[in-house]
Amino acid sequence: MPSDKKRVAIIGGGVAGLIVARHVSARTEDYSLMLFEQTDQVGGTWVYTDRTEVDKNGLPVHSSMYKNLRTNLPKEIMQIPDFPFKNEDGPSFVHHSVIRQYLQDYAQHFNLFAHIKLNTLVKHVEPVILSDQTTWLVTYKNMATLEETTVRFDAVILCNGHYTVGNIPNIRGRSTFNGTCIHSHQYRLPEKYKGKNVCILGASWSGIDIAIEVSKYAKKVYLSHNLPEGLKAKIANNVEQRAGIEFIDGKTFHFRDGTSAEIDDLIYCTGYKFTYPFMSDKVKIKTDDNHVEPIYKHLVHADTKNLFFMGLPGIVIPFPMFHIQSQYILRILDGHIKLPSSEKMKSDYEKEKNMLLQQGIPIRHIIKMKERQWAYYDEIATAANVASFPPVIKKIYNHSNAMRELDFMTYKNYQYRIIDKEDFTVCYGKQE
Ligand code: FAD
């Protein structure tokens with residue numbers, strides 16, 4: 001690589017990594033890049049596999065897609081602004097294979113494969129400080145030849161995803177349960193739950209989605225969660241909501257509301273952990289309680305200024321958010337955005353965190369942006385000097401959320417069409 005260009009390492013070839021690569025590779029006069037992807041394909045979690053334990057390279061399976069999954073956001077708002085979906089007449093909530101194909105097409109369209117090293121696992125990232133500048137030694141392993149190589153970079157962008165390592169709560173008596181027990185990361189198909197009593201723990205997106213699928217085969221589904229008000233929207237008739245699990249005694253599950261039930265199978269839908277196993281101990285990253293510290297603007301490590309974290313905020317519209325975030329990162333690397341001192345970045349981070357905690361938001365939920373997402377997009381888009389989301393995106397998002405709040409079973413039957421920056425049409429028709 002010529003030494004006058006800034007060398008950028010991108011770790012992970014899911015949608016975040018691809019979008020960053022698209023923007024960095026458009027600037028070949030200033031940057032050179034390598035994108036490392038441990039599997040044999042790009043697309044990250046959208047690359048479905050029947051496997052649940054290890055992949056072809058003997059690494060833990062990355063994808064958490066299940067066989068019948070359809071998106072939980074309409075494709076009209078998921079699409080990346082400079083690469084619209086081809087089949088704009090099809091359903092809005094598409095099968096995961098459509099997204100996988102879309103991401104392959106994106107990589108092809110922007111000629112990204114020239115910069116991508118497939119079957120290449122990043123094993124270690126080490127900061128090296130040279131005359132006040134941090135550079136990064138990235139050690140990667142070719143999974144075919146097992147050869148390891150170390151290359152120096154000027155910036156590292158972490159796009160390694162965070163829906164792979166399941167969070168399993170420590171429930172009293174869980175070792176006494178001898179039914180099947182998996183995390184949603186390993187869930188693929190509902191048929192095996194035919195005639196069974198299934199407990200699904202956790203009622204976030206995956207918990208509800210999997211409960212609906214499994215209920216088509218199971219005798220009964222107990223959807224156990226700690227949401228104080230319970231879920232108001234319609235779920236299948238044989239799905240019963242229960243409080244969280246208090247303790248397990250063999251097949252008998254005791255719930256916090258004092259009720260109990262006999263359970264054959266347990267599926268944990270209890271979220272995931274952020275992990276950066278390749279990162280040097282010299283880089284201080286806190287990943288407890290379902291969030292990452294200390295990260296400025298949900299992107300920049302407050303100590304280093306050239307180490308970036310993609311994919312941290314939850315309850316957002318990830319693909320177009322990555323599109324803006326990538327351009328924000330480039331403006332930092334270009335020197336157009338002057339980051340404040342490390343102390344100021346840390347104190348900004350703490351200020352936002354404390355404000356959320358004071359609002360009564362539990363620490364493990366502070367990454368959920370929800371209503372805050374719109375101001376965040378506008379802020380970083382302005383700083384990056386690019387367009388933020390047009391108003392129609394928020395309108396469709398709000399409509400689809402409202403339909404979901406009414407009925408979990410049918411909201412994916414709506415079809416949205418964008419008319420212009422402000423308006424959309426919506427119609428209802430059952431999708432297969
Ligand atoms: P990933 O897609 O996880 O990609 C990370 C990549 O990094 C992988 O390819 C992995 O192999 C690679 N990698 C990891 N470690 C290394 C390493 N050490 N070396 C080299 N490569 C490495 N979002 C939506 O917008 N709409 C939806 O409907 C939706 N549904 C979802 C359903 C499920 C079940 C899940 C799990 C997520 C869903 N999401 C949805 C969120 C989804 O995760 C994001 O949209 C997005 O795909 C995240 O992309 P990513 O690039 O950050 O991570």
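Mentor: Cysteine 199 counts as buried, since its relative accessibility is 0%, where buried means under 20% relative accessible area, exposed over 50% and partly exposed in between, with a 1.4 Å probe and protein chains only. A search of the whole structure finds 0 disulfides. Cysteine 159 is likewise buried, with a relative accessible area of 8%.

The model is a predicted one, in which local features need pLDDT of at least 70 and side-chain atom pairs count only at pLDDT 80 or more, while totals for chains, interfaces and linings use all residues. Residues are numbered from 1 along each chain as its sequence is written, and side-chain values use heavy atoms, with hydrogens and water left out.

Turning to the helices, which are DSSP runs (H or I, at least four residues) numbered from the N terminus, helix α1 (residues 15-25) packs against helix α3 (residues 96-109) at an angle of about 20 degrees, their axes being 10 Å apart; axes are lines fitted to C-alpha atoms over the stretch in contact, and angles run from 0 to 180 degrees between N-to-C directions. α1 and α3 are therefore roughly parallel to each other, as angles under 35 degrees count as such. In their contact (heavy atoms within 4.5 Å), Val15, Leu18, Ile19 and Arg22 of α1 meet Leu103, Tyr106 and Ala107 of α3.

Methods. Disulfide = S-S within 2.5 Å. Helix = DSSP H or I, 4+ residues; strand = E, 2+ residues; numbered from the N terminus. Parallel < 35°, antiparallel > 145°, perpendicular 65-115°, else oblique.
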